[in-house]
Every structure is written in C-alpha cells, then in structure tokens.
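Visitor: Hi, could you walk me through this one? I'd like to start with the ligand and then look at some strands.

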Amino acid sequence: MKKYKSLDAFWMPFTSNRSFKAKPRIIEKTEGVYCYTDEGRQILDATAGLWCVNAGHSRTEIAEAIGRQALELDYTSPFSFGHDIGFEFAERLIQHTPGNLNKVFFANSGSEAVESALKIALAYQVARGKAGKYKLIGRELAYHGVNFGGISVGGLTANRKGFGPLLPVDHLPHTLDLTRNAFSKGLPAHELEKADALEELIRLHDASSIAAVIVEPISGAGGVILPPAGYLKRLRELCTQHDILLIFDEVITGWGRLGSAFAATEFDVVPDMIVSAKGITNGIVPLGAVFVDDAIHDRIMESAPAGAVEFYHGYTYSGNPVACAAGLATLDIYEREGLLTRASGEIGQYWQQSLHSLRDIEQVVDVRNYGLIGAVQFAEGAFGDKPVGAAFQGACYDNGVMIRAVGNSIAFSPPLTIEKQHIDQLVEAIRKTAAELF
Ligand SMILES: Cc1ncc(COP(=O)(O)O)c(C=O)c1O
C-alpha cells in the first residue's frame with residue numbers, strides 16, 4: 001500500500017518529470033546486485049545505483065554501523081568541535097590515497113567536494129602570494145557536479161547553458177575519437193596529443209593566471225570517455241612544469257571501479273588533490289571528500305595568523321558521524337573482500353570480452369571499457385531523431401536490467417561484486433533490447 005496520494009510533490013532531479021510521472025519506475029527493495037520494483041520484478045543493477053554502490057546493495061554491516069552510530073553520537077558541530085569517528089575515518093581513508101595526499105576535507109556530495117577542491121586550489125595560490133593564479137581549466141564533456149564551480153569547469157553544455165556568467169575557466173578538448181580509437185580495449189592508443197592542448201591554453205592565458213586543472217581520469221557522465229595511454233602523465237608533467245595544480249575528480253573512478261583504490265594509483269599519476277564521493281560510503285549515506293597533498297594543506301595553515309581560522313569553508317555535515325560510520329564499514333568490506341582490486345582480475349577480463357562481443361550489433365559504433373566500467377555507443381540516428389540512450393534505458397529496464405543513458409551511448413558500472421552470470425544477463429538484455437528497438 002502506497003503511503004502517498006500522488007507523485008506530484010517530489011520534483012525529481014535530472015529527470016523528465018512528466019515522462020516519469022506518466023510511466024513511473026519505482027524501486028521498492030534492493031539486495032546484492034539486484035533491485036526489485038513495486039511490481040515485484042527483479043532488475044539487475046548494472047549501474048551500481050548511480051556509479052556508487054560498489055560493494056552491492058543493502059549490506060548488513062553498513063546498515064548496522066549506521067544504526068549504532070546514530071544511537072551513540074548522532075551529530076555534533078564540526079566547526080571547532082570534533083568527534084573520534086571523524087578522525088578515525090580520515091586516517092583510514094588516507095591508507096588508500098597515493099603520494100602525499102594525506103589530508104581529508106569532508107563534504108556531503110561529489111558536487112560539494114568539487115567546490116571544496118577548487119576553493120582549496122584558490123586558497124593555496126593566495127596563501128603562497130600568487131593570488132593572480134585564479135583561473136581554472138576543465139575539459140569538454142566533463143561532469144563535475146552541479147554547483148557553480150562544477151558547472152564552470154564542467155563541459156556538458158546542457159548543464160552550463162542558462163545559468164548566467166560562470167567562473168573564469170577554459171576547457172581542454174575531450175578525448176573521445178571514434179575515427180582512431182573505436183573498440184579500444186582498455187586505454188585507447190591514439191590521441192595522446194590532446195594533452196598538449198594544455199600547452200596552448202597556457203600560452204593563451206599564461207601560467208601566472210592559472211590555479212588548477214581538473215579532470216575526471218575517465219569521464220563518466222559524459223559517456224565513459226577514456227584517456228589515451230600516457231595522457232594523464234602528460235597533463236601531470238605540464239602542470240608540474242608550469243606550477244599549476246592538478247586535480248583528479250575521482251567521484252566515479254575511485255574505490256575500486258578501475259581495479260585500484262583510485263585511478264591515480266591505477267595509472268601511476270599522482271595529482272595534487274583527489275575528489276571523492278559515491279563509493280566512499282557505498283552510496284548509502286551522502287559524503288564527499290577531498291584528499292589534499294600535505295604541502296598544499298601546510299601552506300594554507302602556515303599563511304594564517306596563529307589562532308585564526310585558516311580556511312573559510314566547510315559544511316554543517318562535514319565529517320557527519322553517521323556518514324563516517326557508513327564509510328568505515330564500507331572500507332572494512334572493500335578491504336576484507338578485496339573489492340578495490342577485483343576489477344583488475346578475471347572478472348574485469350570477462351567484462352571486457354563480454355562487452356566487446358556486442359560489436360556485431362549493426363548499430364554499435366563503439367565499445368569502451370576499463371576495470372568494471374563500460375559503454376556502448378550507437379550510430380547517430382539509429383533511433384530516428386531521438387537519442388538512442390534514453391530509449392534503450394527504458395526498454396532495458398523492461399527487460400530486467402538497469403543501465404544509464406548518455407546521449408547515443410549506454411553506460412554501465414555494476415557493483416564490484418558482480419559475477420559472470422550477471423554480466424551474461426546484461427549482455428543478453430542489451431542484445432534483446434537492440435533487437436526490439438532497431
Ligand atoms: C565525476 C563526478 N564528479 C562530481 C559528481 C557530483 O556528485 P554528486 O551528484 O554527489 O554531487 C559526479 C556525479 O555523478 C561525478 O560523476
């Protein structure tokens with residue numbers, strides 16, 4: 001029995017509200033790699049919620065940790081007061097971060113963590129007497145959340161247009177190139193030159209005006225766009241050479257998605273900051289974080305007079321104790337079950353081989369994959385004048401699998417606990433859906 005009268009009151013995010021409310025898709029229960037609809041149908045969750053439920057759904061240990069924490073210490077101000085679990089969680093997190101990224105600034109979402117990272121970059125430049133370095137460089141097709149900093153550095157036109165003047169930013173070109181890189185397995189071999197566009201932007205703006213470059217190591221919401229081999233290393237070299245900070249937004253790529261705790265570790269490139277969220281608590285309680293290099297943190301600390309607040313930024317829920325409890329229980333699972341590296345093993349190989357088997361569908365123009373992330377792109381116009389992705393997402397749901405629509409592509413990021421039979425189910429559902437739609 002529903003406890004609401006209608007669907008009217010909830011204005012749904014990033015949704016065609018009118019389409020949804022005409023044909024609702026209500027999930028009533030989740031367990032493991034499955035969701036269950038209000039009609040009692042079992043749906044394979046090939047998106048881990050929204051790229052976040054990396055350890056699978058409804059994990060008892062996390063639920064119990066949340067309950068225990070809420071009863072013991074539910075909330076206390078993080079401004080000038082502390083609690084043990086915040087310090088414990090920060091210390092556990094940095095066991096997994098690369099290089100000297102040993103300081104953690106907590107936020108509540110990926111969007112807020114992005115804003116925090118951008119503000120830390122600006123505060124750092126001011127702290128070292130380089131306030132003129134205030135411009136930010138993002139990338140085309142990037143998604144960095146929906147707040148004003150994030151949409152400024154982001155490169156998805158629909159998310160940017162109509163929101164007035166944004167921050168002073170410029171953008172690198174995206175790295176998707178089907179002419180040379182279609183059907184690459186793992187990192188594409190061509191287009192490393194795209195990284196050199198940063199040199200052109202530096203020539204245009206001058207390094208003395210640029211604070212930071214922010215990129216997703218693999219763009220998720222833009223359509224699972226992989227960096228050409230060597231691309232991230234080249235960005236790192238250029239940033240170091242020109243005294244510009246490099247920020248990796250690992251909201252999606254973090255916590256085992258690519259076969260290491262972070263893309264930075266997987267690709268052996270250490271940025272100055274890593275933005276994290278989603279899988280950090282297995283998506284269960286909202287929490288974002290920025291992992292910051294010691295040198296950046298220390299410079300900001302030292303530049304403020306003794307006794308002063310060093311950084312005028314923070315959230316009511318920064319390091320919320322219940323979120324930290326969820327995060328600690330999540331880390332326990334990741335570590336105990338080897339989930340942070342599982343995608344680089346046999347299951348990742350099976351994933352790659354299975355996704356690429358879809359290449360024989362006539363309308364498929366690309367298959368992309370790394371670790372346990374992937375996308376299939378369809379030919380423009382394959383579904384008339386409508387984007388293929390949205391039609392595919394709806395029909396796939398009717399065929400028992402949840403996928404994500406991105407323009408003419410469909411994207412997947414299953415729970416890292418996925419088994420071979422679930423991958424087979426996904427591939428079969430895609431074939432069936434393609435046969436129905438085309
Ligand atoms: C790379 C990236 N950054 C930031 C965000 C924003 O995170 P949130 O939706 O938690 O604000 C997302 C969300 O998908 C993301 O993929």
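**Around the ligand**

Guide: Happy to. By class, the shell around the ligand holds six nonpolar, six polar and two charged residues. Keep in mind that this is a predicted model.

Visitor: Which residues come nearest to the ligand?

Guide: Of the 14 residues around the ligand, Ser109, Gly110, Ser111, Gly145 and Val251 come nearest.

Visitor: And which helix gives the largest share of the shell?

Guide: That is helix H5, residues 110-127, with three residues.

Visitor: New topic: strand E8. Why is it described as largely enclosed?

Guide: Five of the five residues of E8 (residues 245-249) are buried, so the rest of the structure largely encloses this strand. Leu245, Ile247 and Asp249 point one way, while Leu246 and Phe248 point the other way.

Visitor: What does E8 pair with?

Guide: Strand E7 (residues 210-215) runs parallel to E8, joined by four bridges, and Ile214 stands opposite Ile247. E8 also pairs in the parallel sense with strand E9 (residues 273-276), over three bridges; there, Phe248 has Ile274 as its bridge partner.

Visitor: What do E7, H10 and E8 make together?

Guide: A right-handed β-α-β unit, with H10 spanning residues 231-241.

Visitor: Okay, what about the open sheet with E11 in it? What is the strand order?

Guide: The order is E11-E12-E16-E15, with antiparallel pairing. E11 (364-370) and E15 (404-406) are the edge strands, each pairing on one side only. The twist averages 20 degrees from one strand to the next.

Visitor: Which helix packs on that sheet?

Guide: Helix H16 (residues 388-398), which touches E12, E15 and E16. The direction of H16 makes about 170 degrees with that of E15.

Technical notes: Residues numbered from 1 in each chain as written. Predicted model: local features only at pLDDT ≥ 70, side-chain atom pairs only at ≥ 80, totals over all residues. Near = placed C-beta within 6 Å. Helix = DSSP H or I, 4+ residues; strand = E, 2+ residues; numbered from the N terminus. Nonpolar A, V, L, I, M, F, W, Y, C, P; charged D, E, K, R; others polar. Pairing = 2+ DSSP bridges. Axes fitted to C-alpha atoms, helices over the stretch in contact; angles between N-to-C directions. Contact = placed C-beta atoms within 7 Å. Buried ≥ 20, exposed ≤ 12 C-beta atoms within 10 Å, placed from the backbone. Right-handed = clockwise from strand over helix to strand, strands pointing away.
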